[in-house]
Amino acid sequence: MIPGATLELTQCHSCHARFLPTDGPCPKCGSPDCSPYSTSAVGRVLAATELHYPASGWHAPHRLALVEVADAVRVLAIVEGVLPVPGALVEVRRDGDVHRARPEPTQ
Amino acid sequence: MTIHVASVGMGRFGKRPEGLITLAAEAANFALEGIGRKPVDLLVVGSMFAQGPHGREALLPRLVGRLGLESASGFRVESSSGTGGMAFHVAALALETGRFERALVIAAEKMTDRSTAEITKELSAALHMSEVAAGATMPGLAAIVTARYLQRYGLSTDICDITAVHARSMAARNPNAHFQKAVTPEEVASSRVVALPLRLLHCSAISDGATAVVLEKGTGPATVLGLGQGFDALRLVDREELTSFTATRVAARVAYEAAHLTRKEVNVVEVHDAFSPFTLMHLEDLGFCGPGEAPKWFREGWVGLDGRLPVNPSGGVVGRGHPIAASGLAAIGEVALQLRGEAGSHAIATRPKVGLAHAVSGIGSHNFVTILGGKSP
């Protein structure tokens, strides 16, 4: 049982890689033998940016963060709120086709 | 089979009124004139968009018709910004089979007749769909990589400005470069934000342009000594490294092994700086210095025309302009010009014996390394 919010990741039963869900096989070894698992949604920001010219359909400034969650899995997440500094803790959640990150709720 | 670059044809990069076919034919004719119009039996053409005034063009048959090469064999290749490198490698490998005598390689792109938004969307084809879905663009992902590099090595953004100043100062000597004017660090640092920490003058520009080279059997000052390529995960989050490009490290290792050379024997390098701070990571990945050491090379001035390793004497992608497919071949062409003593106003201080050219697809998913140099027959 994982306390707090959870995030769904994928594990490969062939090479044991753990990664962000994809629509295909394991990105490390190509095996289709993968299954989902849940882990803590809290991660640490590795790097973040503020795009002044985001992709079509998004408004500037658009903030993105590369977040490392459990098992060293990385997530590219849309930032809700101010641009986080490297090392900041954020809570990541899936929202349709994308992931979103917001500052970890304080105790 | 030994092959060499016998001729280089480069038109001016920048905003050009001509269409794709005319730009490509111009570069091709420059290269063909360089060999006295000897016959060519292989044509390899690269373009990412192949965009004409009415949409995508049948680039290869149109060029064959324009150049009168109907008796040649032909291939068209595409690997986004790495296209020019790929086209050269395909031609070199085909010649190495012994089946062809002489190849004309052309890489061309027409971009300035379209809006920045259209180009941004087209370039997103080189990214993972999940990244585009999250609103990421090529500069956005480059910004994340740059931010991570700065943070990892405790650097401030001034090193990004220094790399852009270097690119533009080199380009100012190259009459075919898009940008003919040097810039100051202050101008770079005050240019508008594209994606933090990247500003406009750190980013390569939308350009029109074409490059062509003729490859033939035999040896010369620009003999093909080593070719290497490498892949990395398309999706940034699936990569082992964020501040280093695995695809470049693999490509370099293969190319150095094939050439029986080490990086110490390389006298000039053209790296694929679609974003100027990427020059730092590329120099490290190509083995010229250790992780985090490249900023010192710039601060100490070791990358200038008379430095210990002249870097991007053409202006690189940031200074020369970035007609997507053409950039990889322009890097190879520049190295060949330097080796052949034909670089004119942008020649490095001492004519080099060995040079290395680098090409990057997308955000580093498929990279190419080409080593050229003199070889005794």
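Two residues are in contact if their C-beta atoms, placed from the backbone, lie within 7 Å. That rule runs through much of this account. The model is predicted: local features need pLDDT of at least 70, side-chain atom pairs count only at pLDDT 80 or more, and totals for chains, interfaces and linings use all residues. Residues are numbered from 1 along each chain as its sequence is written, while chains are lettered from A and ligands numbered from 1 in the order in which they are written.

Start with chain A. Chain A has eight strands and zero helices. Helices (H or I, at least four residues) and strands (E, at least two) are DSSP runs, numbered from the N terminus. Chain A has 107 residues, and 35% of them count as buried. A residue is buried if 20 or more other C-beta atoms lie within 10 Å of its own, exposed if 12 or fewer, and partly exposed in between; the C-beta atoms are placed from the backbone. Take the contacts in chain A between residues at least 6 apart in sequence: 41% join residues at least 24 apart.

Now look at how the strands of chain A pair. Two strands pair if DSSP finds at least two bridges between them. Strands of a sheet pair through backbone hydrogen bonds, either parallel or antiparallel. Three strands of chain A form an open sheet with antiparallel pairing, in the order β2-β1-β3. The edges are β2 (18-19) and β3 (34-40), each with a single partner strand, so one side of each is left without a neighbour in the sheet. Strand β1 (residues 6-12) of chain A joins β3(A) over seven bridges, in the antiparallel sense. Within that pair, A:L7 stands opposite A:T39 in β3(A).

Strand β8 (residues 98-103) of chain A has its own pairings. With strand β6 (residues 74-79) of chain A, the sense is parallel, over two bridges. Here A:V79 stands opposite A:A101 in β8(A). With strand β7 (residues 89-95) of chain A, the sense is antiparallel, over six bridges. A:E91 has A:R102 in β8(A) as its bridge partner. β7(A) and β8(A) form a hairpin with two residues between them. In the turn, A:G96 has a positive phi of about 65°.

Next comes the meeting of the two chains. The contact takes 25 residues from chain A and 27 residues from chain B. On the side of chain A that touches chain B, β4 (42-51), β5 (62-68) and β6 of chain A each supply at least two residues. β4(A) gives the most, with six residues. That side of chain A divides into 18 nonpolar, four polar and three charged residues. Ala, Val, Leu, Ile, Met, Phe, Trp, Tyr, Cys and Pro count as nonpolar, Asp, Glu, Lys and Arg as charged, and the others, Gly among them, as polar.

Where does the largest nonpolar core lie? Its 157 residues include A:V67, B:A24, B:L104, B:V105, B:I106, B:V213 and B:L215, the ones with the most contacts inside it. A nonpolar core is a set of buried Ala, Val, Leu, Ile, Met, Phe, Trp, Tyr and Cys residues joined through C-beta atoms within 7 Å. The largest share of this core, eleven residues, comes from α13(B).

Helix α13 (residues 324-340) of chain B has 17 residues. Its span from first C-alpha to last is 25 Å, close to the 24 Å expected at 1.5 Å a residue; the expected span is 1.5 Å times one less than the number of residues. 17 of the 17 residues of α13(B) are buried, so the helix is largely enclosed by the rest of the structure. Just after α13(B), B:G341 takes a positive phi of about 70°.

Beyond its neighbours within four places in sequence, B:I106 is in contact with B:A24, B:A27, B:A28, B:V45, B:L63, B:A210 and B:A212. B:A210 lies in strand β9 (residues 209-217) of chain B. B:A210 counts as buried because it has 35 C-beta neighbours inside 10 Å.
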